Amino acid sequence: MALSARLPPRSSRLPPESVPLLPGYRPGSMAPKPLGQTLSYKSGGATDTLKAETIFTARSEGGVPALDLSMLKVMQNPHHRYNYSYRSQTHDERNALKESARNTYRPAISPAWLQHNRQALRFNAFFKEPVHEDPKENFRVRHCVIYFYLEDGTMSISEPKVENSGIPQGTFVKRHRIPNGRGDYYTFHDLRCGINLNVYARVFRITGCDDFTRDFYANALGGDVGEEEVPPLDAFHASQLLQASHQSTWTPEIAEGKEYAEVALGGNRRNTKLQQYLESDRKVLRFQCYWDDPTRYGSRMYYVLHYYLADNTVEMLERLARNSGRDTFPVFRRREVLLKRPHINPAPGMLEPEPEPVKPEDLIVGGTVEVYGRQVFLYDCDDFTRDFYGQYMQHRQGKIAIEKPEHVHVKLAAPPHIGLGTEEDSMASVLNLAPRQPRLDVNKLMSEDRSLRFEALIEGASEEDEDRRFVIQLRLADNYVGVWEMRQRNSGHTEGKFAQLSRKKNPATGKWFEPEDFRVGEIIEVNAVPFKLLKADESSKKTLNNLGLT
């Protein structure tokens, strides 16, 4: 009863003035006010049909609109809608013009969002965070980066992530307009080096800025952003620096033991070569090299040496010539670290010296590198390798021209004649599997029946051989040479055959005796005995005259 007394009395119909102008409801007193439509489409595109200067000139004066008779005559022609004086634009051309006008428009005074698009001021700052219940430190300094975006005046604060810090780092304050506590927002006029910035009850000390920020304050504002400050060092970071200085004096055994203890407690191994891998992946130095085999039947072996900058590994590939007779295994040394002085322990478990791998500065064209105990000579490299050494060591790699060795056909020497048969008979079994009878000059044997006979003595003979005389005969049919000793009374030597009639070589020339070798006064050697030709008989003189050997 009390609740119904407080409620207003109900009404079956409300007055028209209290009903709002909702869609579909219009009070009777309001007249409709439609908008005039002047939009029309022709062959050239959309046009406006409202022409106040021509047709509706009299409307402004309050009278009847004046009609233009020339316009009526044109409108009588059904083709008046089309203008054939120029080509109509296509939809693509019309859209291209709209996009061009939209993208190239620049106002006279550019707004901030257009003038400073993607521009931000960057400040380095820090704040002190209290540390409770720790006897070693009272506060810890946390470094942050403050960004001020010029396009809309917003700010954001982020904290760079530190490995194994145990603190949730990253975005400290999201991007928005930060109030300054005085009923307004922070602007770039409020940011300077060396000031304290209060952001939501936390005080940040600005210590520095980047080059773009310093140039912006100097050029745009005509002022100085302030001097940079050195952030303070807390006790925790001071102890870390002290520990890092002590780590440089650790022996390899101590460092290995600490790493093992860290991994045993659940830690991860340090990837010390990750940065090198990210910067030098797929970058390879390529050298041309060779090695001269010093063994008896050795030859020059050519290789291609690949040095991978990602992990300092070396790979060597063989370059075999065609028909070299070697197995086609191109990999001479698989990809692994190449040590300057490799060490092998005589027993397992012994300490090894610190390995010293081959570095890029050890590979110079014109130098050598030891691989498997072989001194490999580097004589050329590719263009990428030359550019790398020009940037890495300011050294220009050269190129050494390699002269191709002359091909020498190695021919087996014929075995010496053992004295059985003629030398041609022995060579017949060497040259052919089935020995063939050597060919003879039959025409010469049948037509030539002359011989040359000379009287000779032993040149440089001892006293008991001075009176010995010999007859040397050369048969022209087959150039056989024979020596007979003449009879001398009381000489003590038997007359007869001294050297059997056969083909004999001239030790002076290394060839078979020819008629040109026999002249009076010449010295010839037969069976290691030098003979001096004293005179020839009458028939031999005539033969020598006919042969032109006198």
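Residues are numbered from 1 along each chain as its sequence is written. In this predicted model, local features need pLDDT of at least 70 and side-chain atom pairs count only at pLDDT 80 or more, while totals for chains, interfaces and linings use all residues; side-chain values use heavy atoms, with hydrogens and water left out.

The protein has 12 helices and 22 strands. Both are DSSP runs numbered from the N terminus: helices are H or I with at least four residues, and strands are E with at least two. Of its 550 residues, 23% count as buried. Buried means under 20% relative accessible area, exposed means over 50%, and partly exposed lies in between (1.4 Å probe, protein chains only). The accessible surface comes to about 41600 Å². Carbon and sulfur atoms hold 53% of that surface. Accessible areas come from the Shrake-Rupley method with a 1.4 Å probe, and for residues only the protein chains shown count as cover. Among contacts with a separation of 6 or more, 44% join residues 24 or more positions apart. A contact means heavy atoms within 4.5 Å.

The model holds 26 salt bridges. A salt bridge is a side-chain nitrogen of Lys or Arg within 4 Å of a carboxyl oxygen of Asp or Glu. One of them joins the side chains of E159 and R142, at 2.6 Å from N to O. E159 lies in strand 5 and R142 in strand 4 (residues 139–149), so the pair ties together parts that are 17 residues apart in sequence. E159 is buried, with a relative accessible area of 5%. R142 also counts as buried, at 8%.

A salt bridge also links R468 and E485 (2.8 Å, N to O). R468 lies in the loop between strand 15 (451–458) and strand 16 (470–475), and E485 lies in strand 17 (residues 480–485), so this pair ties together parts that are 17 residues apart in sequence. Both R468 and E485 are buried.

In the salt bridge of R214 with E228, the closest N and O atoms are 3.4 Å apart. R214 sits in helix 5 (residues 211–219), and E228 is in the loop between helix 5 and helix 6 (235–247), 14 residues apart. R214 is partly exposed, at 26% relative accessibility. Elsewhere, K340, R341, E356 and D362 are linked in a network of salt bridges.

S156 is placed in strand 5 (residues 154–159). With 10% relative accessibility, S156 counts as buried. Its side chain makes a polar contact with the side chain of Y149, at 3.3 Å. A polar contact is a pair of N or O atoms within 3.5 Å; within protein, one must be able to donate a hydrogen and the other to accept it, and residues adjacent in sequence count only if both atoms are side-chain atoms. Leaving out residues up to four places away in sequence, S156 touches V145, I146, Y147, Y149, V173, K174 and R175.

E514 is found in the loop between strand 20 (511–512) and strand 21 (523–526). This residue is partly exposed, with a relative accessible area of 34%. Neighbours within four places in sequence aside, E514 is in contact with L474 and N479. E514 and D478 are 36 residues apart in sequence and 9.7 Å apart in space, C-alpha to C-alpha.
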